[in-house]
Amino acid sequence: MDKNEFAARTEAVRQRLYRTAYLYLGSEADALEAVDEAVYQALRALKKLREPSFFETWLTRILLNECHKELRRRKRFSGDSTLPDTAGPDAYDYLPLKEAVRHLPEELRAVIILRFFTGYTQAETAWALDIPQGTVATRQRKALALLRLELGEEGDT
């Protein structure tokens with residue numbers, strides 16, 4: 001993959017990357033910075049991409065690493081790494097859902113964000129998180145069950 005193709009493919013997924021970073025970090029500025037840093041890191045490591053068909057999930061994995069770095073930095077300085085108090089994009093604006101997702105353990109939250117807010121398939125989510133697809137399915141079921149409990153929908157399926 002050459003730099004022109006990299007630029008074109010990056011531009012095509014930029015909005016999806018931003019949405020993912022925003023859901024993780026909760027700040028527009030931090031999300032934009034994380035996306036920019038992820039694109040920069042991906043460009044530097046472009047030769048390490050073995051399979052160009054996995055470009056989007058490869059770039060998403062880099063973005064998630066950048067988001068985790070930022071959350072660790074926040075935790076070091078402020079003692080908490082919560083999601084934002086302001087409304088986010090798309091379906092995440094629904095406040096009780098935002099609060100419920102905030103309370104999920106990190107590994108479950110990552111699956112929910114990638115699967116339902118970013119729109120990745122189970123296979124893409126597994127690749128982005130570097131876990132087996134069966135683990136994604138298990139974490140998804142567990143997270144959805146916890147969200148139902150949190151939102152008071154125990155009887156609904």
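Me: Contact means heavy atoms within 4.5 Å. On that basis, which residues does leucine 63 touch, not counting residues up to four places away in sequence?

Reply: Leucine 63 touches Leu17, Thr20, Ala21, Ala34, Val35 and Ala38. The model is predicted, so local features need pLDDT of at least 70 and side-chain atom pairs count only at pLDDT 80 or more, whereas totals for chains, interfaces and linings use all residues. Residues are numbered from 1 along each chain as its sequence is written, and side-chain values use heavy atoms, with hydrogens and water left out.

Me: What makes up the pattern of the protein, read along the sequence?

Reply: The pattern is α-α-α-α-α-α-α. There are 7 helices and 0 strands, where helices (H or I, at least four residues) and strands (E, at least two) are DSSP runs numbered from the N terminus. Among contacts between residues at least 6 apart in sequence, 62% join residues at least 24 apart.

Me: Why is leucine 114 called buried?

Reply: Buried means under 20% relative accessible area, exposed over 50%, and partly exposed in between (1.4 Å probe, protein chains only). Leucine 114 has a relative accessible area of 0%, and therefore counts as buried. This residue is found in helix α5. Across the protein, buried residues make up 41% of the 157 residues.

Me: How do you know what surrounds leucine 114, not counting residues up to four places away in sequence?

Reply: The contacts of leucine 114 are with Thr20, Thr60, Leu64, Gly119, Tyr120, Thr125, Ala128 and Leu129. Its C-alpha atom is separated by 9.9 Å from that of arginine 16, 98 residues apart along the chain. Threonine 125, one of the residues touched by leucine 114, lies in helix α6 and counts as buried at 0% relative accessibility. Threonine 125 touches Val111, Leu114, Arg115, Tyr120 and Val136, with residues up to four places away in sequence not counted.

Me: Which residues touch the most other members of the largest nonpolar core?

Reply: They are Tyr24, Trp58 and Leu63, in a core of 40 residues. At least two residues of this core come from each of α1, α2 (28–44), α3, α4 (95–102), α5 (106–117) and α7 (133–151), and α1 gives the largest share, 9 residues. The set is called a nonpolar core because its members are buried Ala, Val, Leu, Ile, Met, Phe, Trp, Tyr and Cys residues joined through side-chain atoms within 4.5 Å.

Me: Why is the pair of arginine 9 and glutamate 5 called a salt bridge?

Reply: A salt bridge requires a side-chain nitrogen of Lys or Arg within 4 Å of a carboxyl oxygen of Asp or Glu. The closest N and O atoms of arginine 9 and glutamate 5 are 3.7 Å apart, so the pair meets the criterion. Both residues lie in helix α1 (residues 3–25), 4 residues apart, which means a separation of about one helical turn. Arginine 9 is partly exposed at 27% relative accessibility, as is glutamate 5 at 35%.

Me: Where do arginine 16 and glutamate 56 lie, and how many residues apart in sequence are the parts they tie together?

Reply: The two side chains form a salt bridge, with the closest N and O atoms 2.3 Å apart. Arginine 16 lies in helix α1 and glutamate 56 in helix α3 (residues 55–78), so the pair ties together parts 40 residues apart in sequence. At a relative accessible area of 22%, arginine 16 is partly exposed.

Me: Which residues are linked in a network of salt bridges?

Reply: The network links Asp30, Glu70, Arg73 and Arg74. Glutamate 70 and arginine 73 meet at 2.7 Å, N to O; they are 3 residues apart in helix α3, about one helical turn. Glutamate 70 is buried at 13%, whereas arginine 73 is partly exposed at 35%. The structure holds 9 salt bridges.

Me: What is the phi of aspartate 130?

Reply: Aspartate 130 has a positive phi of about 60° although it is not a glycine. Most residues other than glycine have a negative phi. Aspartate 130 sits in the loop between α6 (122–129) and α7 and is exposed, at 58% relative accessible area.

Me: Which residues line the largest pocket?

Reply: The lining consists of Ala45, Lys48, Leu49, Arg50, Glu51, Phe54, Trp58, Arg61, Trp127 and Asp130. A pocket is an open set of points on a 1 Å grid where a 1.4 Å probe fits, with protein on both sides within 12 Å along at least five of seven lines; lining residues have an atom within 4 Å of a point.
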